[in-house]
Amino acid sequence: MLKKDIDFFATTLYNMYPNAKTELEYNNDFQLLIAILMSAQTTDKQVNKVNEVFFKKLIKPADWLEMWVEKIKEYIKTVSFFNNKAQNIYKTCEILSNQDLEEFDTLDKLKSLAWVWIKTAKVFLAVTKDAAYLAVDTHVHRVLNRVWLVKTKSPEETDKIAEKIFTKQNLADLHHSLILFGRYHCTATRKPKCKTCPLLEKCSYKNKNI
Ligand code: SF4
């Protein structure tokens, strides 16, 4: 794979979404972390809908700890896996009631919070620190396989290869734009927007919508 092709992919998507940012809504870094946790297997739109009211009064870890796990479950019951997520939110708030979230400023430190997966940690650092990480969700996994960049079976496998093939500049260009491209352009449906896609000539997807 040629470096110029990889650079082409990254700069093309960056130019499509030059001001891309997370679609999760939050008022501080702690709320962002909670929103990212809630968003696993759930759309950002649904997470925002749930948090629209509650984030006004749940601003810091102590606010959540005043509720028991059962009450948190009731609050987030419309997001998938709410039982586990409620327990993980509570555990996280217990830790963050004694330690400043600012101290969790690397992947390893974030992963020391029991529930934080690699994707969650990468999204958090990409948003809060503008760190050059690519969070490989199902959209990113699908797009990278459809084009010419990887041939993998799972997002985890894609994540490992992406770290090797992209430069830091590529990752900085892609970390928000690639997610939006997968959500709104190279969609999971049978009708990705191939006719208007600037990657059309290079894309190796066999079922292009043209
Ligand atoms: S040409 Fe179609 S399948 Fe290929 S990246 Fe663009 S939208 Fe996706």
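Student: Which residues lie nearest the centre of the largest pocket?

Tutor: Ser-39, Ala-40, Gln-41, Lys-119 and Asp-137 do, out of 41 lining residues. Keep in mind that this is a predicted model.

Student: What volume does the largest pocket have?

Tutor: About 1,000 Å³ of space lies in it.

Student: And which elements give two or more residues to that lining?

Tutor: Six helices are named here: H2, H6, H8, H9 (138–146), H10 (155–165) and H11 (168–184). H8 has the largest share of the lining, with 7 residues.

Student: How does the lining of the largest pocket divide into nonpolar, polar and charged?

Tutor: There are 18 nonpolar residues, 12 polar and 11 charged.

Student: Switching to cavities. How many of 30 Å³ or more are there?

Tutor: The count comes to 1 cavity. The volume of the largest cavity is about 110 Å³.

Student: Which residues are closest to the centre of the largest cavity?

Tutor: Phe-181, Cys-186, Cys-194, Cys-197 and Cys-203, from a lining of 14 residues. That lining divides into 10 nonpolar, 1 polar and 3 charged residues.

Student: OK, packing. Which residues have the most contacts inside the largest nonpolar core?

Tutor: Ile-34, Met-38, Trp-64, Tyr-75, Ile-89, Leu-110 and Phe-124, in a core of 37 residues.

Student: Which helices each supply at least two residues of this core?

Tutor: H2, H3 (44–54), H5, H6, H7 (107–111) and H8 (118–128) do. H2 gives the most, 8 residues.

Student: Is there another core, or what lies apart from this one?

Tutor: A core of 27 residues lies apart from it, and its members include Ala-20, Phe-166, Leu-178 and Ile-179.

Student: Back to Met-38. What does Met-38 touch?

Tutor: Leaving out residues up to four places away in sequence, Met-38 touches Val-47, Val-50, Asn-51, Ile-76, Val-79, Lys-85 and Ile-89.

Student: Last one. How many Å does H6 reach from its first C-alpha to its last?

Tutor: H6 covers residues 82–96, 15 residues in all, and reaches 20 Å. That is close to the 21 Å expected at 1.5 Å a residue.

Definitions and conventions. Residues are numbered from 1 along each chain as its sequence is written. This is a predicted model: local features need pLDDT of at least 70, side-chain atom pairs count only at pLDDT 80 or more; totals for chains, interfaces and linings use all residues. Side-chain values use heavy atoms; hydrogens and water are left out. Helices (H or I, at least four residues) and strands (E, at least two) are DSSP runs, numbered from the N terminus. The expected span of a helix is 1.5 Å times one less than its number of residues. On a 1 Å grid over the protein atoms alone, a cavity is a set of points where a 1.4 Å probe fits but cannot get out, and a pocket is an open set with protein on both sides within 12 Å along at least five of seven lines; lining residues have an atom within 4 Å of a point. Grid points are joined across faces, edges and corners, and a volume is the space filled by probe spheres set on the points. Ala, Val, Leu, Ile, Met, Phe, Trp, Tyr, Cys and Pro count as nonpolar, Asp, Glu, Lys and Arg as charged, and the others, Gly among them, as polar. A nonpolar core is a set of buried Ala, Val, Leu, Ile, Met, Phe, Trp, Tyr and Cys residues joined through side-chain atoms within 4.5 Å. Buried means under 20% relative accessible area, exposed over 50%, partly exposed in between (1.4 Å probe, protein chains only). Contact means heavy atoms within 4.5 Å.
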